[in-house]
Amino acid sequence: MYLELFKLHELPFRLSPDPQFLYLSKQHARAKAYMESTIWFTDGFVVITGEIGAGKTTLIETFLRELQGDTVVAQINQTQLSPTAFLQSVLVQFGFSPFNMKKPEVLSTLNQFLTEQYSNGRKVLLIIDEAQNLSNRVLEEVRMLSGVETTKEKVLRIILAGQPELNDKLNAQELTQLTQRVRLRFHLTALSKAETNAYIDHRLEVAGSQGRRIFAEDTYATIYKYTGGVPRLINTLCDTCLLAAFGKDKDTVGTEELEAAIHELQWVEFAAGTNRMKVPNLEHLLHPQSEATHVVGRILLACEGKTVGERELKPGRLVIGRTSDNDLQIDSKFISRHHCQIVTHQDSCLIEDLNSTNGIFVQSKRVRRHNLNDGDVVQVGQHEIMYIDERTPRVRNALDAIETAVITENPKIG
């Protein structure tokens, strides 16, 4: 790829949560310290929140890498579970096979395991990522687990990490008992302008830049303007900049390459808002003229010939992948962690592969990016995405549309 041209030994702006590339801003350092406090205190119960792409998962991976051998960890990333399935998932992480156990047996096994680990001088830590998706019933199970104790102290440390909605959920009156168990709560914000500059230089240094200036000084402010200091967005834009420079056989990125990258991604300034998808309002299907003018298009998601969901597209970006930290989750082994993204502008829409294993295909041809036209079908693993341009006049049957399954935020589809 472009590594030889820029004299780098690794891709500096990959989206995967690699602890080696972690940049510890003041915010990230504090959040990491809060995670570490769960090991120091026997009643450690910490909640870390942050927007999508803020770096929560990378922080968790870094924290786990630094743990001592006397700590036993259960890490739960799939959080759309029933209470029993959740408890079974915890046991699986501890090495059990609990799928034929009923809930009383699961709870008994968990309690016995926790007390045995305590007796043997081991610390037990439960980490739940994407915890905003936990139901109140599952959160009640978390509260009960946090109360397991010996005569002297509690035996389970807990970290809940999730998007800002997790705070709203924890503040609900019915979860007061759980919230009272929390020792520390911290919200991870985006990077400042200065931290964004340092973040870019840090990742380039880790990748082997050896202090060489690859991005021109006057590009940093624009990068911040279009990413808002969100690490994942910085990675996407900077990687596209490097590809633009590579295409011109230039070993530095200037304003020309940056503008080309922004145009290619068809991004709007971050202040214009990112595409945090909500449940679509079905009223517009019955009354099309009342629909907000910001809706540019829609995607229909299908698997094995059956439509399994629909999303509206507004200016911004929609990240699609296997894990629950994506805007749209497709739970399939053929889908990469972060598989592709749809970048929507007021007058256009583009789908882009995010270096996925199995790629994206248009008319049986693998593409890296594709400008979407009305009626285009994109193959993503075993799923198909059909693009519908809402700026194109059409007659849509409102009743049929209402019957279409609507995906809630961060759904599990598969």
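**The largest nonpolar core and its surroundings**

Modeller: The largest nonpolar core has 34 residues, and those touching the most other members are Phe6, Ile200, Phe215, Ile223, Leu237 and Leu242. Such a core is a set of buried Ala, Val, Leu, Ile, Met, Phe, Trp, Tyr and Cys residues joined through side-chain atoms within 4.5 Å. Buried means under 20% relative accessible area, exposed over 50%, and partly exposed in between, with a 1.4 Å probe and protein chains only. Two or more residues of this core come from each of α1, α9 (193-206), α10 (220-227), α11 and α12; α11 gives the largest share, eight residues. Another core, of 33 residues, lies apart from the largest one and includes Val47, Val142, Leu170 and Val182.

The model is predicted: local features need pLDDT of at least 70, side-chain atom pairs count only at pLDDT 80 or more, and totals for chains, interfaces and linings use all residues. Residues are numbered from 1 along each chain as its sequence is written, and side-chain values use heavy atoms, with hydrogens and water left out. Helices (H or I, at least four residues) and strands (E, at least two) are DSSP runs numbered from the N terminus.

Phe6 is one of the core residues named above. Setting aside residues up to four places away in sequence, Phe6 touches Arg212, Ile214, Leu242, Ala245, Phe246, Lys250, Asp251 and Thr252. Contact here means heavy atoms within 4.5 Å.

Now to the helix pair. α11 (residues 231-247) packs against α12 (residues 255-265) at an angle of about 115°, and their axes are 8 Å apart. Axes are lines fitted to C-alpha atoms, for helices over the stretch in contact, and angles run from 0 to 180 degrees between N-to-C directions. The two helices cross in the right-handed sense; a crossing is right-handed if the near helix is turned clockwise from the far one by less than a right angle, and left-handed if anticlockwise. From α11, Thr236, Leu237, Thr240, Cys241, Ala244 and Ala245 take part, and they meet Glu257, Leu258, Ala261, Ile262, Glu264 and Leu265 of α12. Sorted by class, this contact holds eight nonpolar, two polar and two charged residues. Nonpolar covers Ala, Val, Leu, Ile, Met, Phe, Trp, Tyr, Cys and Pro, charged covers Asp, Glu, Lys and Arg, and the others, Gly among them, are polar.

Two strands pair if DSSP finds at least two bridges between them.

β10 (residues 340-345) is mostly covered, with five of its six residues buried. Five bridges join it in antiparallel fashion to β8 (residues 316-321); across this pair Arg317 has Val343 as its bridge partner, and Ile320 stands opposite Cys340. β10 also pairs with β11 (residues 348-353), antiparallel and over six bridges. There Cys340 stands opposite Asp353, and a hairpin of two residues joins β10 to β11.

A second open sheet has five strands in the order β2-β3-β4-β1-β5, with parallel pairing. Its edge strands are β2 (71-76) and β5 (184-188), each pairing on one side only, and the twist averages 15° from one strand to the next. Six bridges pair β2 with β3 (residues 123-128), and Ala74 has Leu126 as its bridge partner in β3. Helix α2 (residues 26-40) packs on this sheet, touching β1 (45-50), β2, β3, β4 (156-162) and β5, and its direction makes about 155° with that of β5. Helix α4 (residues 83-93) lies across β2 and β3 and runs at about 140° to β2.

Ser25 sits in the loop between α1 (3-6) and α2. Ser25 counts as buried because its relative accessible area is 2%. Beyond its neighbours within four places in sequence, Ser25 is in contact with Leu191 and Glu195.
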